[in-house]
Amino acid sequence: MPRYRLLIEYDGSSYNGWQRQDHGLSVQGAIEAAAAKLCGEAVTLYAAGRTDAGVHATGQVAHLDLPRAYSGDTVRDAINFHLKPNAVAILAAEEAEQGFHARFSAIGRSYLYRILNRRSAPALDRNRVWWVAAALDADRMAEAAARLLGHHDFTSFRAGCCQARSPNKTLDRLDVTRIGDEIHIIAEARSFLHHQVRNMVGTLKLVGDGKWTADDVSRILDARDRAQAGPTCPATGLILTGVVYPQPPGWVKHRDDGIA
């Protein structure tokens, strides 16, 4: 059975996350149903990462096995046709190399978190940003973010329901940049703990509004205690922007802005 790699974009606002479930809409379920209409058989889709309810993607990667061979363009266009009116789009499809697995072959993942930092609430992006009306100091947030780089025990930023065998992760990038009224936080690592990015952003926000300092972030990291860190920030501002593989195809997108 030929295996196809898909590059996927979706607005997570209307979905109960990526993972298929018995009740409620899921991104995985929507794509599997559309792919089944293409090939006439049930298929299973495997993703590079399972995003939570409300989280978006511009660069999710997944794979599926189909019972017969098609061109990549046919797979893309047929699944997109049957996906209507879901807020999900297959940006590209390609037959995968032998042994490829969307999750286990990945060597890096990139997320963007968008904070809209202005007095007025969003009108167009209300489900795509975290609106924070009080002024935030992005430079202070960037200084604190640097304390989290490298290999650490990230228990303080790990969800209680996280199923990872170890809390140790290597954070390769955590940049904080102000772009007009928005603060963009870019996080890159081989993999992340459940809610790690949202918990780090929730902590950095408290640095930005002056409640904590960079030294507090170091203290929180060393404490290895989730209760010491900031709150989990809303899912609305989080976007999976890219997945990296040892020999990625040319169409695998890795965008820092994450905005379509």
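**Domains and their contact**

Domain bounds here come from an automatic or database domain assignment. On that basis the chain is divided into domain 1 (3-105) and domain 2 (108-240). The contact, meaning heavy atoms within 4.5 Å, takes 14 residues from domain 1 and eleven residues from domain 2.

This is a predicted model, in which local features need pLDDT of at least 70 and side-chain atom pairs count only at pLDDT 80 or more, while totals for chains, interfaces and linings use all residues. Residues are numbered from 1 along each chain as its sequence is written, and side-chain values use heavy atoms, with hydrogens and water left out.

**Salt bridges**

Two salt bridges are counted between domain 1 and domain 2; a salt bridge is a side-chain nitrogen of Lys or Arg within 4 Å of a carboxyl oxygen of Asp or Glu. R128 forms a salt bridge with D11, with the closest N and O atoms 2.6 Å apart.

**The largest pocket**

A pocket is an open set of points on a 1 Å grid over the protein atoms alone, where a 1.4 Å probe fits, with protein on both sides within 12 Å along at least five of seven lines; lining residues have an atom within 4 Å of a point. The largest pocket is lined by 40 residues, and A48, G49, R50, R103 and F192 lie nearest its centre. Domain 1 and domain 2 each contribute at least three residues to this lining.
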